[in-house]
Amino acid sequence: MTAFLELDGLTRRFGGTAAVDAVSLAIGRGEVLALLGPSGSGKTTTLRLLAGFEIPDAGRVVVDGLDVTRAPPVARRFGMVFQHYALFPHLDVRGNVAFGLESLGVAAPELDRRVAAALELVDLGGFERRRIAQLSGGQQQRVALARALAPEPRVLLLDEPLSNLDPALRERTRRELHDLIRRIGITTVLVTHEQEEAFDLGDRVAVLRSGRLEQVGTPDDLYRAPANPFVAGFVGRASSIEAVVVALLEGGTRVRVEGVEWGVPADAGVQRGLIVGQRVRALLRPEAVWMARPEPGTLRAVVEARRFAGATSLFVVRTDLGTVLEVSGPSRAIAVGERVGLVPSRRAGGGIHLFPWEADG
Amino acid sequence: MSGPTGGAGRRSQLLAWALLLALAWLIVYPLGLVLRDAVHSSGGWTLGYVRQFLRRPTEWEALWGSLWISVASVGLAGMIGIPLAVLVTRYDFPGRRMLAGVIALPAVLPPLVGVVAFLFLYGESGFVARAVQALLRLDEAPWRLEGAAAVLLVHAYSMYVYFYLFTRAALLSLDGSMLEAAASLGAGRWRSIRRVVFPALKPALAAGALLTFMTSLASFSAPYVFGGGFRVMTTQIVSTRLNGETALAMVETVSLTLLALLALVVFRGAERDLGGSKGTPPAPARLRSAWLRRGIATLAWGLGIVLLLPHLTLLVVSFVPLGTWTTEAVPPAWTLANYATLVRDPVRLRPLLNSLWLATAATVASVAISILAAALVVRHRVRGRRLLEGLLALPWAVPGTVFAIALATAFSVHAPWTGRVILVGTIWILPLAYLVRNLPLTSRATLAGFRGLDPSLDEAAASLGAGRWRTLRAVTVPLLRPSLVAGATLAFVTALGDFVTSIVLYTYDTRPISLELLGSLRQADVGVAAAYGVVLMAVSALVFALGTGRGGSGIA
């Protein structure tokens, strides 16, 4: 896949701090890339650098082989959907959707046809005369999408496209958005702080922290092989516990966790140059640990709370040394206050990740 | 183009420097020349004039007069305005909404009109005085409306509206649930008022007080017409200058400016807004006793009518033929002749047309500059933006008389290499003066409008391929319209009725309504003077009604 949109060492400083710090990404034609990160991670600034609302202090933005780093937004032919939509309140739906086409000099009969087509695309056919204030949040979001798509941009940029919708609507809108951008096949970059949204919408996900790119990959890559504790913790649930490497074997690694030895299958964690005797941070997915009877050889703990979630629940357990972990298990089998023994689940594949203790997270 | 947070583009920055330079030339430079002339004579630098100023008891008298009359005006205006605001927001009675609007009317009327209207009603030959005279069978008028008391009365009368408007707005934005919260926490009625209501009102009260203080410090028409032997600095400056003691007038001007700036410093901080709360205002109390309700209604309406009576008198007088109305309770004859004179006599019509075009030109220019400045300050975040904002607000802090003197000083000399050209005596000086005085009004509204605008709307337009010009025309200006209209309305009405600056700078060809009004009054042409006053009122009210009708937010 050759890159259609390329970010090359993009850096943007505000005052002394770098909001975006040497971020490089290559996005293929028609690919959907999600920028994921907590607030302040630089994901929105990255998007604004792409849109041309910010000029980078260093680095380049290349589209289709052409450097547009310093091109004004007008010249980029990128469509953008803003977080709060930024629909023009003094224009009706038609006026909003036609705005970009008018910039291109599209005139009357063609203009109406393309406005209607764009509205049809988002299932708002016949809404031309509605005023923006009369629309529901979901409809506004779709008008914003139609407005961005109408001039047939080269790249679609979405800034937290679902954050302004109520939760009930968010899931459905996400499906529609997912289907729409794939049907059109438009190269898309979207910003979100919700992992679920990023995983659902993005072909690939780029995780950002403090302006730096931590990891980029398919949702599967990120979940199964997080590059560091931060990514592991940000992408899905994970509890952290201290461990020491006892042996490095063919089939996996043996570690000692609070006095008990556990075998971690090779495919379970990312082993990066660990040595025997090294202090490590083990990150456990809830499903990677199994609650057995508190027999010798198990990591003994007390169940402190249960969060009911249907057939399985999330249990909060505290080990005898005081570490708090989240473990999933069958809802009915275990009660709060019960003593349990934790062992690595046999089907733990991808559920336990070992990192050098110094690695932050 | 660079983004809003990406630092200013070169062109914007250049434009900003140019604008700063122009404003400095128009606003700061003339004031600086006044300051220089106060301590400079043909023989070089001197403190002679300052010493002369300090030695004259009349100067101290005038300065003290300006100060105490302003403080007293704040007190008296507050005593009228605050209870009125409480009355119309907290109690429900018949006609409450209408009254609430009616008593805000004087806000849009030129001060001179109020002064003249007051004269017609309460002056020694006014309606009330004559009625009392007839009733008590006195030989002469029972009182003379003159001196400090008269000035104070006129001030309180025309400035209560500031307290009224600010207090009412604050009461309406009060969150009703805050009062409920206070009550649920066991606070009694007085404790609620002291601990919850008063702190919420404080910024509004401070703003009202500041506006009243500054307005009465700068007040010219009232002391000019009613002052008699009572000295205040504004009128003193003009008369000193007429006496030919130019340098002394400069020292006086500086002293008045210092007093104004001192007031600003004192009030600073108190005015700061606490930020609007979101909740719904407490509902006006339904008075249970019908007797009490009637009492409150009578009180409120009575006050309202008393406050509007002068303007009604003005209206009546404008329809009375010259010399026919003497002692009767109702005018014996009615006529439209006074208005006919205004339209038919070209000499009388000229001031009307003058004021209209002067005010229009000054307002248009001032709005255009404000849009440019607001875009540079808010959107492009140019360097020097604080300075730009400060310069735009400065003319508000400086009394009108001071500005008039400053402009008259700066632009009466032909010395292009020092940035001075002769404008005094040309038709350009008045529009320029109005423009400078309008800038704080329009720029304040425009800046607030720009700040309230979601910057991503501009970005959305840019991402949709709209250039700077199309974005301004198709997105920014339409969205700013309410603020632009509000600012422009206020500016137009102020310029239309201006007297303070005009009396210093007018020429025969540009004489505005206000001067002609006073001239007619001097010639005892009372009907025509009243007709001028009514026209001024009507145009102001019409413009204001149009302005607020267009989605303007009323008083900016």
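In the predicted model, one face of helix α3(B) contributes B:Ser66, B:Leu67, B:Ile69, B:Ser70, B:Val71, B:Ser73, B:Val74, B:Ala77 and B:Ile82 to a contact with α9(B), where the partners are B:Leu205, B:Ala209, B:Thr212, B:Phe213, B:Ser216 and B:Leu217. Helix α3 covers residues 57-90 of chain B, and helix α9 covers residues 189-218 of that chain. Their axes come within 8 Å and cross at roughly 135 degrees. Because angles over 145 degrees would count as roughly antiparallel and those from 65 to 115 degrees as roughly perpendicular, α3(B) is classed as oblique to α9(B). The crossing of these two helices is right-handed.

Helix α9(B) also packs against helix α12 of chain B, which is formed by residues 246-267. The axes of α9(B) and α12(B) come within 11 Å, with a crossing angle of roughly 175 degrees. This angle is over 145 degrees, and α9(B) is therefore roughly antiparallel to α12(B). On the α9(B) side, the contact is made by B:Ala206, B:Ala209, B:Leu210, B:Phe213, B:Met214 and B:Leu217. On the α12(B) side, it is made by B:Leu256, B:Leu259, B:Ala260, B:Ala263, B:Leu264 and B:Phe267. By class, the contact between α9(B) and α12(B) has 12 nonpolar residues, with no polar and no charged ones. B:Ala209, B:Phe213 and B:Leu217 of α9(B) take part in the contact with α3(B) and also in the contact with α12(B).

Two further residues of chain B were examined individually. B:Arg348 belongs to helix α15, which runs over residues 346-379. The relative accessible area of B:Arg348 is 12%, and this residue is therefore classed as buried, the cut-off being under 20%. Beyond its neighbours within four places in sequence, B:Arg348 is in contact with B:Thr341 and B:Leu342, as well as with B:Glu516, B:Ser520, B:Asp525, B:Val528 and B:Tyr532.

B:Thr494 lies in helix α20, residues 468-496 of chain B. With a relative accessibility of 37%, B:Thr494 counts as partly exposed. A polar atom of the B:Thr494 side chain lies 2.6 Å from the backbone oxygen of B:Leu490. When residues up to four places away in sequence are set aside, B:Thr494 touches B:Asn438 and B:Leu441. B:Thr494 and B:Ala207 are 287 residues apart along the chain, and their C-alpha atoms are separated by 19 Å.

Chain A contains nine helices and 20 strands. The C-alpha trace of this chain spans about 80 × 45 × 35 Å along its principal axes. Of the 361 residues in chain A, 53% are buried. Among contacts in chain A that link residues at least 6 apart in sequence, 66% join residues at least 24 apart.

Within chain A, A:Arg204 lies in strand β9, residues 204-209. Not counting residues up to four places away in sequence, A:Arg204 touches A:Ala26, A:Ile27, A:Glu31, A:Val32, A:Leu33 and A:Ala34, together with A:Val216, A:Gly217 and A:Thr218. With A:Glu31, there is a polar contact between the two side chains, at 2.5 Å. A:Arg204 and A:Val264, 60 residues apart in sequence, are 28 Å apart in space from C-alpha to C-alpha.

Conventions. Residues numbered from 1 in each chain as written. Chains lettered and ligands numbered in written order. Predicted model: local features only at pLDDT ≥ 70, side-chain atom pairs only at ≥ 80, totals over all residues. Heavy atoms only, no water. Helix = DSSP H or I, 4+ residues; strand = E, 2+ residues; numbered from the N terminus. Contact = heavy atoms within 4.5 Å. Polar contact = N/O pair within 3.5 Å; in protein donor to acceptor, adjacent residues only side chain to side chain. Axes fitted to C-alpha atoms, helices over the stretch in contact; angles between N-to-C directions. Parallel < 35°, antiparallel > 145°, perpendicular 65-115°, else oblique. Left-handed = near helix turned anticlockwise from the far one by under 90°. Buried < 20%, exposed > 50% of the residue type's maximum accessible area, 1.4 Å probe, protein only. Nonpolar A, V, L, I, M, F, W, Y, C, P; charged D, E, K, R; others polar.
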